[in-house]
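Please open the structure in your viewer and keep the sequence beside it.

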Amino acid sequence: MGSLDELAMGYSLPHDSLFLGFDSSTQSLKATVLDANLTIVASETIHFDSQLPHYKTKDGVYRDPIEDGRIVSPTLMWVEALNTLLEKLKLKLDFSKVIAISGSGQQHGSVYWKKGSSATLASLDPSKPLVSQLAEAFSTKESPVWMDSSTTLQCKEIEKAVGGPLEVARLTGSRAYERFTGPQIRKLYETKQDVYNDTERISLVSSFMASLLIGRYACIE
């Protein structure tokens, strides 16, 4: 058997291969499909506010009118957006020709999977909408996003425990910022411990979208 380099050099892609890329951002979910010549053959975008208006978001988020700085997105909106996007793409291309999928997601958004949701992911039925199958899969229906600034207390607690903001920066490359996922998880633990205790896995937006595609929890980055 040849080396990996030899195998790679001898391997050629089918001429009709397609490559699918996703971008899960704050206001929309986008997909672009390239062929083997890097030519765009299809693209679709789901704008959350206009195309999924039943979630009643503004710029893809909810701004809490009571708790200052709290900004979240409905997790199921992202699920429905993926389902809708794939249905649109199905009319434009043959998915059996897609040989690679990549994706990117907004930084610092976090998703909280309810206990037992790994089994739900593993048994998804492709003939049924994702949004109905995952309606009860999350311990909280709302995901903190990068715009959230409601965790100042938690940031101060983290910095104090570690030895100050400079020490946090020395260890991690940055001081504690409100939008970071660590303070967001700490806030959930402190303010909604029942939700935290009912959570079996926490995903970033990127690993969350990957989990939907592979039917199990994807690693974080």
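Which exposed residues does the face of helix 6 turned away from its buried side carry? Before selecting them, note that this is a predicted model, in which local features need pLDDT of at least 70 and side-chain atom pairs count only at pLDDT 80 or more, while totals for chains, interfaces and linings use all residues. Residues are numbered from 1 along each chain as its sequence is written, and side-chain values use heavy atoms, with hydrogens and water left out.

Begin with the whole protein chain, which has ten helices and nine strands; these are DSSP runs numbered from the N terminus, helices being H or I with at least four residues and strands being E with at least two. Of its 221 residues, 39% are buried, where buried means under 20% relative accessible area, exposed over 50%, and partly exposed in between, using a 1.4 Å probe and protein chains only.

Next, select residues 152–162, which form helix 6, and colour Q154, C155 and E159, the buried residues there. They lie on the same side of helix 6 because they cover an arc of only 135° around the axis, an arc taken from the directions from the helix axis to the C-beta atoms.

To settle the opening question, colour L153, K156, K160 and A161, the exposed residues on the face turned away from the buried side of helix 6.

Finally, select G163, which follows helix 6 and has a positive phi, near 125°.
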